[in-house]
Amino acid sequence: MWRNYHKRRRTCAKLSDSCGRMRSMKIAICFFVRGDANLPRKTSPQQPLESAAVPKMSRSAVIAVAIFLVAHLALLIGLTTPDKFVFDEVHYVPAARQMLAPMMSQPMLNPMHPPLAKELIAASIATFGDNALGWRYPATLFGALAIVAIYLCGLALFSAQGPAIAAALIAGLNQMLYVQARIAMLDIFALGFGLLAIAAFMHGFRRERPQPLFALAGGLFGLAAACKWSGLFPLGVCIVIVAVIRLMQGWRTLFADAKPDDWYRPDLWPGFKLHHVVLCFAVLPAVTYLAAFVPLYGASLPDLIEAQRRIFADNTTTAIAGHTYMSSWPSWPLLARPVWFLFDKSAEDNVSAIVFLGNPLVLWPALIALAVVLRDFMVARRWDAFLIAAFYFGPWLAWALLPRTLGFIYYYLPAATAASLALVYVLRRDGLPRWLLWAYVGVAAAGFVVMLPVSAAFVGTTMRTFGRLMLFQNWI
């Protein structure tokens with residue numbers, strides 16, 4: 001009996017030793033494949049990832065704050081010139097003033113747009129006074145936030161600080177954003193909220209549990225729409241993306257040569273259910289959108305419904321009368337017809353001008369970059385190219401669906417800002433030298449400086465220089 005007992009002990013010991021060697025071999029093979037020469041510690045495998053993620057997040061937060069401060073200060077320079085209404089400030093500033101009255105007078109001014117942006121302008125007037133600084137200060141805040149949002153989009157797409165910073169710089173060096181961030185109009189507010197929402201969506205796109213980031217995106221989209229209804233366009237893009245992916249998953253679609261960078265995967269968002277979709281992209285946007293109306297209408301449901309009816313009627317009516325600076329959506333990427341926000345002769349040969357045109361050295365090369373992005377989306381099925389194309393073409397081509405014939409090039413602002421991501425995507429492709437991206441940032445900066453005299457009234461220029469910068473007859 002004792003002999004059998006010792007025999008069984010020796011057999012168990014051999015089996016245990018064999019299992020131990022096999023486990024060690026398995027660990028060694030696993031770490032060799034991963035490229036890690038160190039043996040695993042007796043800690044949770046998530047700890048090294050978390051410890052590495054915390055400094056990375058902290059660094060990104062510091063850079064985002066730095067970008068915001070630099071952009072905000074740059075946008076503030078010469079903000080109060082001129083000290084009179086510029087272009088559509090004549091509509092929005094009086095509407096903001098009306099909101100500050102103890103008793104709201106009737107009729108309500110500018111009822112064709114939601115109230116949030118005008119409420120922010122009103123809050124600024126109450127803080128800084130009824131002057132040029134009070135009218136325009138909130139626009140500088142949201143212009144800086146828009147640049148930060150492009151940086152955050154770059155982090156999601158490129159997973160590197162350098163390209164993300166370059167994208168933010170290119171967006172800031174595009175005169176479209178610069179001009180719109182220094183005027184009391186509604187577009188920059190919708191852009192700031194909308195781009196932050198897009199950044200949240202992009203960061204959640206590849207996650208197993210995208211619910212928190214998609215919910216954040218939905219709330220921000222509601223705030224964008226509460227500034228101007230065009231803020232709904234990128235929300236519509238997100239809904240279409242989610243619907244297409246869920247439809248393909250329902251059809252059990254598979255790519256024969258599936259790759260990790262595919263924009264569609266059958267296992268994408270396994271826990272993201274229909275009620276999550278409704279909550280993130282319908283309920284939360286609606287709640288944050290309607291909340292902006294409460295200071296004006298309270299909780300009166302009939303008044304809220306009537307306000308939406310008026311906005312819908314005004315924004316879907318076909319315009320009959322023309323406008324000096326009107327243009328159609330196909331012409332916007334070509335910069336065919338700019339808008340003169342201001343043109344004042346300050347002396348016999350000197351002018352102060354603000355022309356909403358954009359930086360040609362950014363927006364014209366962006367068209368080539370977008371062609372490459374489209375090719376990579378359709379041929380290589382890359383997810384980053386897919387998202388760039390979606391958030392460029394979606395907010396731009398949405399204007400083709402509206403019955404209104406009255407359009408302006410500043411409606412192109414969201415797409416033009418997203419185009420900076422396409423430029424960075426192309427300039428960091430494999431095989432291209434790293435310095436090329438930063439050389440192009442320098443080219444964009446040169447274009448910005450050249451166009452600054454017709455983008456900022458405080459700079460001023462001569463009639464001769466102004467004529468030289470207006471390259472085409474359609475620009476005059």
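Which helices do the buried residues of α11 pack against? The views below take up this question after an overview of the predicted model.

**View 1. The whole predicted model, with its confidence and overall make-up.** The secondary structure of the protein comprises 18 helices and 3 strands, and of its 476 residues 47% count as buried. The average pLDDT of the protein is 88, with 87% of the residues scoring at least 70. Over residues 1-52, however, the pLDDT is below 50, and this stretch has 4 contacts in the model beyond near neighbours in sequence. Among the contacts in the protein with a separation of 6 or more, 75% are accounted for by residues 24 or more positions apart.

**View 2. Helix α11 and the helices around its buried residues.** Helix α11, made of residues 274-291, has 18 residues and reaches 25 Å from its first C-alpha to its last, which is close to the 26 Å expected at 1.5 Å a residue. A bend of about 30 degrees is found in α11 at cysteine 280, and Cys280 also belongs to the buried residues of the helix, together with His276, Phe281, Pro285 and Tyr289. In answer to the opening question, the buried residues of α11 pack against α8 (187-205), α9 (211-225), α10 (232-250) and α13 (301-316). In the loop between α10 and α11 lies tryptophan 269, which has a positive phi of about 50 degrees although it is not a glycine. Most residues other than glycine have a negative phi. Tryptophan 269 counts as buried because its relative accessible area is 1%, under the 20% cut-off.

View 3. At the start of α5, a side-chain oxygen of asparagine 131 comes to within 3.2 Å of the backbone nitrogen of leucine 133.

**View 4. The largest nonpolar core, with phenylalanine 341 as one of its residues.** This core has 151 residues, and those with the most contacts inside it are Phe201, Phe205, Ile241, Phe341 and Leu387. Helix α5 contributes the largest share of the core, 16 residues. In soluble globular proteins, nonpolar side chains tend to be buried together. Leaving out residues up to four places away in sequence, phenylalanine 341 touches Val86, Phe87, Val179, Gln180, Ile183, Met185, Ile354, Phe356 and Tyr410.

**View 5. Glutamate 89 and arginine 136, two charged residues that are buried.** Glutamate 89 has its place in helix α3 (residues 89-100), while arginine 136 is found in helix α5. Glutamate 89 is buried, with a relative accessible area of 0%, and arginine 136 also counts as buried, at 1% relative accessibility. The side chain of glutamate 89 reaches the backbone nitrogen of alanine 184 at 2.9 Å. Apart from neighbours within four places in sequence, glutamate 89 is in contact with Lys84, Pro94, Trp135, Arg136, Ile183 and Ala184. With residues up to four places away in sequence again not counted, the residues touched by arginine 136 include Thr81, Pro82, Lys84, Glu89, Ile183 and Ala184. The peptide bond from threonine 81 to proline 82 is cis, with omega near 0 degrees, and proline 82 lies in the loop between α2 (46-76) and α3. Most peptide bonds are trans.

**View 6. Alanine 390 in helix α15.** Alanine 390 lies in this helix, which runs over residues 383-397, and is buried, with a relative accessible area of 16%. Its contacts, leaving aside neighbours within four places in sequence, are with Val237, Ile241 and Pro395. Between alanine 390 and alanine 415, which are 25 residues apart along the chain, the C-alpha atoms are separated by 9.8 Å.

Methods:
Residues are numbered from 1 along each chain as its sequence is written. This is a predicted model: local features need pLDDT of at least 70, side-chain atom pairs count only at pLDDT 80 or more; totals for chains, interfaces and linings use all residues. Side-chain values use heavy atoms; hydrogens and water are left out. pLDDT is the predictor's confidence in each residue, from 0 to 100. Contact means heavy atoms within 4.5 Å. A polar contact is a pair of N or O atoms within 3.5 Å; within protein, one must be able to donate a hydrogen and the other to accept it, and residues adjacent in sequence count only if both atoms are side-chain atoms. Helices (H or I, at least four residues) and strands (E, at least two) are DSSP runs, numbered from the N terminus. A nonpolar core is a set of buried Ala, Val, Leu, Ile, Met, Phe, Trp, Tyr and Cys residues joined through side-chain atoms within 4.5 Å. Buried means under 20% relative accessible area, exposed over 50%, partly exposed in between (1.4 Å probe, protein chains only). The expected span of a helix is 1.5 Å times one less than its number of residues. The bend at a residue is the angle between axes fitted to the seven residues ending there and the seven starting there.
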